[in-house]
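Colleague: Please walk me through this one. Keep it simple.

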Amino acid sequence: MRPPKRTINIITSWVRRQPPKVKAFLAVVSGMLALVLLRAIVHDHDNLFVAAEAVHSLGISVLIYKLMKEKTCAGLSLKTQELTAIFLAVRLYCSFVMEYDIHTLLDLATLATTLWVIFMIRFKLKSSYMEDKDNLPMYYVAVPCVILALVIHPSTSHHIINRIFWAFVVYLEAVSVLPQLRVMQNTKIVEPFTAHYVFALGVARFLSCAHWVLQVLDSRGHLLTALGYGLWPSMVLISEIVQTFILADFCYYYIKSVFGGQLVLRLPSGVV
């Protein structure tokens, strides 16, 4: 067991010593290799989106276990949970009026569990909620998404309100995790269950991003045309990529911590 750990430590130490441009290049190469692998082993790329929803639900399940077992919500961001509930609720509405499918049922299950987590944090476990650490105002996250949705939204045949809602969901999902990252930035120490949850979000976001990128590649760009014209198709892809890279740094330290046998994740300054 020790030789693999030493190898991993050597690799992570080498990566840490590299300048930011090299780290960014390595991240891009790693992402491309992962996409190539997924394209080879997953024939129906819609399964990636389903898998993303399933991993998100798994992350919520980890939170539920934490809240029920440890009777504490320390380290969790109520604001991220509320933002998540907002975009899931709006996406459910869009699914019902635009494209009812299996994703609708998955979103419904995820929304129900997210609302339960919010209830526990707000009422049952309020005494352990770290409100002073959860200090990123929600309007800093939500208002720019509303403005962007009003300006850049799909050009499909659906009603204008539904198209704006759809765009709002895409933008808000991309940045809804920011309050949770702020909490971890303020505490610097992330206990296991919270780390598992955030890592699950990172994996879910990557699978969702992979789904869109591979769909575009397989359709040779026709999917972008189907989404409409103007800036909207590009904004969909950019939003998917942004929400993946927001959590990339945390996922790197999570994997390093797991291989290092550390139960508690300690984040260096400036990581999130």
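**Around one tyrosine**

Colleague: Is Tyr171 buried or exposed?

Modeller: Tyr171 is buried, with a relative accessible area of 4%. Buried means under 20% relative accessible area, exposed is over 50%, and partly exposed is in between (1.4 Å probe, protein chains only). This is a predicted model: local features need pLDDT of at least 70 and side-chain atom pairs need 80 or more, while totals for chains, interfaces and linings use all residues. Residues are numbered from 1 along each chain as its sequence is written, and side-chain values use heavy atoms, with hydrogens and water left out.

Colleague: Which residue forms an aromatic pair with Tyr171?

Modeller: First, the rule. Rings of Phe, Tyr and Trp (its six-membered ring) pair if their centres lie within 6.5 Å; planes under 30 degrees apart are stacked, over 60 edge-to-face, and the rest tilted. The count comes to eight aromatic pairs. In one of them, Tyr171 pairs with Trp232. Their centres are 6.1 Å apart, with 75° between the planes, and the pair is edge-to-face.

Colleague: Which helices do Tyr171 and Trp232 lie in?

Modeller: Tyr171 lies in helix α7 (residues 160-175) and Trp232 in helix α11 (residues 232-246). The pair therefore ties together parts that are 61 residues apart in sequence. Helices (H or I, at least four residues) and strands (E, at least two) are DSSP runs, numbered from the N terminus.

Colleague: And Trp232, buried or exposed?

Modeller: Trp232 is buried, at 1% relative accessibility. Trp166, Tyr171 and Trp232 form one aromatic cluster.

Colleague: How do the axes of α7 and α11 cross?

Modeller: They come within 8 Å and cross at roughly 20°. Axes are lines fitted to C-alpha atoms, for helices over the stretch in contact, and angles run from 0 to 180 degrees between N-to-C directions. So α7 and α11 are roughly parallel to each other. Under 35 degrees counts as roughly parallel, over 145 as roughly antiparallel, 65 to 115 as roughly perpendicular, and the rest as oblique.

Colleague: Which residues of α11 meet α7?

Modeller: Trp232, Met235, Val236, Ser239, Gln243 and Ile246 of α11 do. On the α7 side, the residues include Trp166, Val170, Tyr171 and Ala174. Contact means heavy atoms within 4.5 Å.

Colleague: What does Ser239 touch?

Modeller: Ser239 touches Val170, Tyr171 and Ala174, leaving aside residues up to four places away in sequence. Ser239 is in helix α11 and is buried, with a relative accessible area of 5%. An α-helix has 3.6 residues a turn, so residues three or four places apart point the same way.

Colleague: New topic. Where is Leu148?

Modeller: Leu148 lies in helix α6 (residues 138-151). Leu148 is partly exposed, at 31% relative accessible area. Leu148 touches Tyr171 and Met235, not counting residues up to four places away in sequence. The C-alpha atoms of Leu148 and Phe168 are 7.6 Å apart, though these residues are 20 residues apart along the chain.

Colleague: What about α4 and α7, how do their axes cross?

Modeller: The axes of helix α4 (residues 78-98) and α7 come within 9 Å and cross at roughly 145°. Residues making the contact include Phe87, Val90 and Cys94 of α4, and Phe165, Val169 and Leu172 of α7.

Colleague: At what angle do α4 and α8 pack?

Modeller: They pack at about 170°, with axes 7 Å apart. That makes α4 roughly antiparallel to α8. The contact is made by Lys79, Thr80 and Leu83 of α4 and Leu178, Pro179 and Gln180 of α8.

Colleague: Which residues in α8 are buried?

Modeller: In α8 (residues 178-187), Pro179, Gln180, Leu181, Val183 and Met184 are buried. After α8 comes Lys188, with a positive phi near 70°.

Colleague: Where does UniProt place the "transmembrane region" feature?

Modeller: The unreviewed UniProt entry places it at residues 24-42, 48-68, 104-125, 137-154, 160-181, 193-214 and 234-255. UniProt positions are in the numbering used here, feature names are shortened, and annotations may be inferred rather than shown by experiment. In the model, residues 234-255 are 95% helix and 0% strand, with end C-alpha atoms 31 Å apart. Residues 137-154 are 78% helix and 0% strand, with ends 28 Å apart between C-alpha atoms.

Colleague: Last one. How many helices and strands does the protein have?

Modeller: The protein has 12 helices and two strands. Of its 272 residues, 45% count as buried. Among contacts between residues at least 6 apart in sequence, 78% join residues at least 24 apart.
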